[in-house]
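The following paragraphs go through a two-chain model, chain by chain and then at the contact. Please keep the sequence and the structure in view while reading.

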Amino acid sequence: MKKTLKVLAVAAAIAVSGGIAASAEALKVGVAAEPYPPFTAPDASGKWEGWEVELMNAVCAEAKLECVLTPVAWDGIIPALTSKKIDMIMSSMSITDERLKTIDFSDKYYNTPTGVIGTKGVDFKPTPEGLAGKTIGVQVSTVHQAYAAKHFAAAGIEVKEYQTQDEANNDLAAGRVDAVQADAIALKAFLATDQGKECCDYKGDVAEDVAVIGPGVGVGLRKGETELKDKLNAAIKAIRDNGTYDTFSKKYFDFDIYGE
Amino acid sequence: MTDQTTHAVAYTPEDLPTARSFFQPHRIVMMLVFAAFVICVAVFMRWDWLPRYLPRLGWGILVSLVMLFSTSILGFLLAVPIGLAQVTGPWFFKLPAKVFCTVVRGTPLLLQLWLLYYGLGSLFPQFPAIRQSFLWPYLREAWPYGVAALTISFAAYEGEVMRGAFAGVPAGELEAAKAYGMSRWTMFRRIWLPRAIHRALPTLNGEAVLQLKSTPLVATITVVDVYAVISKVRQETFLTYEPLLLLALIYMCLTGILVVAFRTFENRIPTRGA
């Protein structure tokens, strides 16, 4: 009996120290567990790829950090960060005042316009007047949801909320919503698919509102982790300066995704 | 035999807790522990978000209740013929009823809901006839699919319960009704159906509670019920435990009300020999 206990204690000690060692080495980088091309999407074998995965690899290599990509449900990704299930968020998360109350962000690493797509053949502008009497779909916990709530729902337009961008796009194709608001790049990627080509087209960018949409997308971090934040900011700046950023961005985009 | 079976399902006044039995020592200890837990939760956790969400929470509870009652009533109305068909019907009624119950009870409700909403629902707009029809404004909403899926599921489970209940009504009572010269319809209306429902009531009580706890699934197809409102609180406040504990409390209260209502209803039916 005593011997068993001793063995168990040793085993537990090894397990604990192993756990600590592993977590000290590899930082878990959370991405939303859903395809979000061209930024993050699993390929047929389940391996994650896309522009943001390449960015993660470049930044982590530059900052000499070991990073592991960890898929997390989007609507619980901030609680996952604050409860230390993951250590960073690199999932096209926009830097907003609302999120800065709970978490911290690195400097922005890209910024793209916000757009609206809609049913083909129905002509309207992505403004409160143009959308009057229509239904617009957005993904929950996104800047687009905040924007739609502030500008569209307040004007009496019905806003439907979806757990994933995929479901919103599917419901647009199925005619249940008249429009979908999201990141312009992600929407154009959807419009390039067979389903998207058939059903919908691009209606335009929404009017600016920096207070809601924020200055761009950054790495989400826990508050108080200034050392990691400084490392990441330096790495983002370094890959911008040494051309790595532009090299892999060219594979995905024909314009400068970093923005102004 | 007849009276024993009915006796077993009816609650007698002695079974119900009296005011005095609440104040036994072990019950007092349990109540104190629970009260301490509630106070700790109320004092040490963050509840400042609650007033902002109260109107939406009330609306969400209403949506959940409408979902529960509409689908339970519709489902039960379907369950009676399904149960009856399985007991007395000729094979061409019996077989489809049996297959319906087996298929629906053999697949997850979430799967049925998504097959209806993302499957069937996204086929509709491909037909211009449907898209232009007067039904389209309803078909493009999410709630009809939620109601349909929950109704079908309830009908299948209760169809099976009602089959047992119809089969369990003693043959002697039906023969006595026949001897009185009742027509088949009168016999069904006066004897068979009321006796079967009475026998099935305790089971139906449990099934209604299960149905209540199936309703949050409609949140996955954009119906904003109380579960969806709580999810929204979680997403907007980044809190995990507080909204979920409140949700648990809400469902417990609704379940409690449902159980008490059913029990009152059961006790109002006079049982001979009870």
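How many bridges join strand 8 of chain A to strand 9 of chain A, and do these strands run parallel or antiparallel? Strand 8, residues 135-139 of chain A, is joined to strand 9 of chain A by 5 bridges, and the two run parallel. The model is a predicted one, and the values given here are computed from it.

Strand 8 of chain A, helix 5 of chain A (residues 143-152) and strand 9 of chain A form a β-α-β unit, and the unit is right-handed. Is helix 5 of chain A largely enclosed or largely open? Of its 10 residues, 8 are buried, so helix 5 of chain A is largely enclosed by the rest of the structure. The buried residues of this helix are A:V143, A:H144, A:Q145, A:A146, A:Y147, A:A148, A:H151 and A:F152. They pack against strand 7, strand 8, strand 9 and strand 10 of chain A, and also against helix 4 (97-100) and helix 9 (210-213) of that chain.

How many C-beta neighbours does A:E158 have inside 10 Å? There are 14, and A:E158 therefore counts as partly exposed; a residue is buried when 20 or more other C-beta atoms lie within 10 Å of its own. A:E158 is 27 residues from A:L131 in sequence, and their C-alpha atoms are 9.3 Å apart in space.

For chain A as a whole, there are 11 helices and 12 strands. The C-alpha trace of chain A spans about 75 × 50 × 40 Å along its principal axes. Chain A has 260 residues, 39% of which are buried. Among contacts in chain A with a separation of 6 or more, 74% are between residues 24 or more positions apart. An unreviewed UniProt entry annotates residues 26-256 of chain A as "domain: Solute-binding protein family 3/N-terminal". Over residues 26-256, chain A is 35% helix and 26% strand, with the end C-alpha atoms 31 Å apart.

Chain B is built otherwise, with 12 helices and 0 strands. Its C-alpha trace spans about 70 × 70 × 30 Å along the principal axes. Of the 274 residues in chain B, 25% are buried. Residues 24 or more positions apart account for 79% of the chain B contacts with a separation of 6 or more.

One loop residue of chain B can be followed in detail. B:M45 is found in the loop between helix 2 (25-44) and helix 3 (50-88) of chain B. B:M45 has 12 other C-beta atoms within 10 Å and is therefore exposed. Leaving aside residues up to four places away in sequence, B:M45 touches B:Y241 and B:E242. B:M45 and B:P216 are 171 residues apart in sequence, and 25 Å separates their C-alpha atoms.

What remains is the contact between the chains, which takes 15 residues from chain A and 11 residues from chain B. On the chain B side, helix 5 (109-123) and helix 11 (226-237) each supply at least two residues. Helix 5 of chain B gives the most to this side, with 3 residues. By class, the side of chain B that touches chain A has 6 polar, 3 nonpolar and 2 charged residues.

How values were computed: Residues numbered from 1 in each chain as written. Chains lettered and ligands numbered in written order. Predicted model: local features only at pLDDT ≥ 70, side-chain atom pairs only at ≥ 80, totals over all residues. Pairing = 2+ DSSP bridges. Helix = DSSP H or I, 4+ residues; strand = E, 2+ residues; numbered from the N terminus. UniProt positions renumbered as here; feature names shortened; annotations may be inferred. Contact = placed C-beta atoms within 7 Å. Nonpolar A, V, L, I, M, F, W, Y, C, P; charged D, E, K, R; others polar. Right-handed = clockwise from strand over helix to strand, strands pointing away.
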